[in-house]
Amino acid sequence: MTRGGNLRATLVGFAGALVALAALSLLVGIEDILGALSLADPSVIFVVIAVAICWLTAWGLSLRTVLGVLGAPITAPVAVLVFAGATFANNVTPFGQAGGEPVSALLVSRASDSEYETGLAAIASVDALNFVPSIVLALIGLGYFTTRITFGENLLLVSAVVVGFAIALLFAVYFGWTNRYRVERVAVDTLTPLARRVGGFVPGLSPPSRAGLERRIEGFFTAVERVGTNPRGLLLALCFSAAGWIGLATSLWLSLFALGHTVPAAVVLVAIPAGAMAGVTPLPGGLGGVEAVLGALVTATTGSIPAATVLAAVLIHRGATYALPTVVGGATAAVLADR
């Protein structure tokens, strides 16, 4: 896609996100939401921002761990800023991580002075590892609900989605890895003619040869294999990932607390991973979709908190975990792009 095409897709995505947010606000009641926000405790909101920084730091350290395994070490502060840049790429492109992954890989490779394939393998490995703790935490939360409340339609749907996603993820990883050489051949067969067509339309662009593409894709799989066969690095990255998920859950819990409500930890442990799944929508960073899912789940699992208060808490949480890394990451991406 051309640069103009990317810009149009992003603008259309943000327009859709604004429509989704506006519809959600009108459904719940804009005045009620603003009234709830006016009651927020400023001191707790500052803690929410601090927790969001801890989440970003934890996942940045996970990226640093993976890069260390791949022989492309970077310092902890740089890793956090680079991960913020990757988050920025996910937040401004449709389909979340799927749309932002190529840009994220470029940022990682420039920051670590490594090959693009190494950057792609690093960010793809971190994203894949992040799914494991999220599913575990969601299942722990659902296990708590089975002993406390009767499952309604929403919780049954969430349970089916979480379990189904866990099974699909395990199958995809197993099938993809055991057939990686077949995947490599299909990728080369598909990308070679595509690259030649693009090269024919873009002046000054020399399309890569078939052998060059094979080398790059093989380098990507080799890098992923290095990560997968390093137990210590995997365990450390998973620990940082789990800490990040707990930080996200804590951010949402504190956002509700800032408005005068406390909820069981299981509520946010289920809501946060389920909300993250909404990030694969065509909306940039899941903006609009994530808020709707989080609001619906928290409302369904608490019952006693008004919907306007729940959505106000979700907006506080998303302000810290969406807007903050987007601003910081945008600045980081600009610096790395200038390099």
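How are H3 and H4 oriented relative to each other, roughly parallel or roughly perpendicular? The close-ups below, all taken from a predicted model, start with this pair.

**View 1. Helices H3 and H4 cross.** The axes of H3 and helix H4 (residues 76–91) come within 8 Å, crossing at roughly 105 degrees. Angles of 65 to 115 degrees count as roughly perpendicular, so that is how H3 and H4 lie to each other. On the H3 side, look for residues including Trp-55, Trp-59 and Leu-63; they belong to a group that meets H4 residues, among them Val-80, Phe-83 and Thr-87. Sorted by class, this contact has eleven nonpolar, three polar and one charged residues.

**View 2. The largest nonpolar core.** This core holds 72 residues, and Leu-63, Val-66 and Leu-252 touch the most other members. Helix H3 (residues 42–69) gives the most to this core: twelve residues.

**View 3. Around Leu-252.** Which residues surround Leu-252, leaving aside neighbours within four places in sequence? Leu-252 is in contact with Val-268, Ala-271, Ile-272, Leu-294, Val-298, Ala-313, Val-314 and His-317.

View 4. The structure holds one salt bridge. Here the side chains of Arg-318 and Glu-291 meet, at 2.7 Å from N to O. Arg-318 sits in helix H13 (residues 307–338) and Glu-291 in helix H12 (residues 289–302), so this pair ties together parts 27 residues apart in sequence. Buried means under 20% relative accessible area: Arg-318, at 11%, therefore counts as buried, and Glu-291, at 2%, is buried too.

Terms used
Residues numbered from 1 in each chain as written. Predicted model: local features only at pLDDT ≥ 70, side-chain atom pairs only at ≥ 80, totals over all residues. Heavy atoms only, no water. Core = buried A, V, L, I, M, F, W, Y, C linked by side-chain atoms within 4.5 Å. Buried < 20%, exposed > 50% of the residue type's maximum accessible area, 1.4 Å probe, protein only. Helix = DSSP H or I, 4+ residues; strand = E, 2+ residues; numbered from the N terminus. Contact = heavy atoms within 4.5 Å. Axes fitted to C-alpha atoms, helices over the stretch in contact; angles between N-to-C directions. Parallel < 35°, antiparallel > 145°, perpendicular 65-115°, else oblique. Nonpolar A, V, L, I, M, F, W, Y, C, P; charged D, E, K, R; others polar. Salt bridge = Lys/Arg side-chain N within 4 Å of Asp/Glu carboxyl O.
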